[in-house]
Amino acid sequence: MSKYSKIIGTGSYLPKRTLTNTDLERMVDTDNEWIVERTGIENRHLVDNETVLDMAYNSAIKAIEAANIVATDIELIIVATSTQDSVMPSTACYLQERLGIKVAKGAFDMQAACSGFVYALSVADSMIKNNLAKNALIIGVDAMSRIIDYTDRGTCILFGDGAGAVVLSASDEPGILASRIYSDGSYTSILNCDANIAAGKVNGNPYLQMDGQAVFKFAVKALTKVAKELVNDAGCNLEDVDWIVPHQANTRILEAVSKTLDFPVEKVIQTVKYHGNTSAASIPLALDTAVKDNTIKHGDLLLLKGVGAGFTWGGLLVRF
Ligand code: UT7
């Protein structure tokens with residue numbers, strides 16, 4: 001049994017096409033000032049002809065390279081997404097094929113909306129600690145533009161597309177120190193996309209629906225609570241945390257959580273301004289951005305946390 005699992009490489013990918021607040025001003029009744037003040041978002045990246053698999057692959061090869069391993073060293077693939085290219089097989093199996101990994105000890109998709117990455121990382125951590133795999137590839141990827149109604153100003157300003165990946169490996173050195181995942185199915189109505197395919201037809205609304213204020217309140221409470229629990233589980237304090245790497249949904253949510261926790265907002269990694277809410281991709285995307293620009297360094301104590309439809313939420317305390 002491995003004592004720990006440790007992140008040994010990160011990668012991310014954003015499509016080239018952008019959608020700025022000025023672009024949105026031409027599409028719906030909104031303005032740059034309102035969007036920046038209420039959300040902190042200035043830009044989003046959207047897929048053109050790219051698939052979710054393309055984005056996942058592009059982030060994966062960077063994480064594998066950063067980990068200094070080869071793709072065939074990967075034994076487990078978990079792809080967190082709500083916008084997979086096909087009903088089946090999973091994105092993870094398509095990715096396995098594209099990466100040239102002949103047989104793995106498991107490849108599956110994780111559906112926990114914006115909490116998907118923390119869910120996937122927690123599951124991979126426990127699988128590694130139980131000796132089910134040595135090297136795991138965990139990806140958060142979403143093409144939210146597929147399920148956004150670009151006539152609905154309440155949602156279309158918020159979301160973008162992208163992917164982020166990490167390689168998590170068995171280690172004798174401390175890596176993931178604590179993890180928690182939660183769900184409360186009584187909140188399904190405040191954020192959902194309820195369409196399904198049956199008998200050759202799309203049934204239900206294929207666009208994301210959201211009660212923004214209810215989501216906002218839930219997110220602040222859940223993210224605050226899980227941060228306190230994680231440091232408590234690991235027997236440390238919030239002052240020991242070098243960086244919080246949260247789900248990137250809205251600057252005001254991140255500021256409200258920092259204030260409630262009395263945690264310096266300068267130590268919260270914030271990339272939402274550049275790409276909006278990329279759902280399952282947002283945490284690994286923020287992590288990789290901060291690693292690549294040398295903000296996050298080897299040995300730093302990180303608190304990753306996310307919240308999303310379901311409602312689902314959770315987090316991990318990580319020695320990087
Ligand atoms: O991963 C989780 C995903 N979801 C989230 O993170 C969303 C969390 N919620 C939020 O971020 C915020 O609730 C929003 C940014 C969605 C909305 O901000 P708000 O401060 O809660 O605004 P509101 O819904 O209370 O709306 C205030 C006003 C309304 O007008 P009236 O009724 O006061 O006349 C809205 O119709 O702002 C209006 N409004 C807009 N105005 C310009 C709503 N959307 C827009 C818009 N541009 N895009």
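This is a predicted model: local features need pLDDT of at least 70, side-chain atom pairs count only at pLDDT 80 or more; totals for chains, interfaces and linings use all residues.
Hi everyone, thanks for coming.

Let's begin with the site as a whole. Where does the ligand lie relative to the two domains? Domain 1, residues 4–173, and domain 2, residues 177–319, both supply residues to the shell around the ligand, so the ligand lies between them. The space the ligand takes up is the second largest pocket. Four elements each contribute two or more residues to that shell: helix H2 (32–39), helix H6 (153–156), helix H7 (212–233) and helix H8 (251–261). Which of them gives the most? That is H7, with 4 residues.

Now for the shell itself. We count 21 residues surrounding the ligand, and the closest are Thr30, Arg38, Arg153, Gln213 and Asn250.

Thr30 has a polar side-chain atom 2.7 Å from a nitrogen atom of the ligand. Asn250 places an N or O atom of its side chain 2.7 Å from a ligand oxygen atom. Then there is Asn277, where a polar side-chain atom lies 3.1 Å from an oxygen atom of the ligand.

And how much of the ligand does the protein bury? On its own the ligand exposes 950 Å², and the protein buries 72% of that.

So, the picture to take away: a ligand between two domains, with H7 as the top contributor to its shell.

How values were computed: Residues are numbered from 1 along each chain as its sequence is written. Side-chain values use heavy atoms; hydrogens and water are left out. A residue is near a molecule or strand if one of its heavy atoms lies within 4 Å of it. A polar contact is a pair of N or O atoms within 3.5 Å; within protein, one must be able to donate a hydrogen and the other to accept it, and residues adjacent in sequence count only if both atoms are side-chain atoms. Accessible areas come from the Shrake-Rupley method with a 1.4 Å probe; for residues, only the protein chains shown count as cover. On a 1 Å grid over the protein atoms alone, a cavity is a set of points where a 1.4 Å probe fits but cannot get out, and a pocket is an open set with protein on both sides within 12 Å along at least five of seven lines; lining residues have an atom within 4 Å of a point. A molecule sits in a cavity or pocket if more than half of its atoms lie within 2 Å of its grid points. Domain bounds come from an automatic or database domain assignment.
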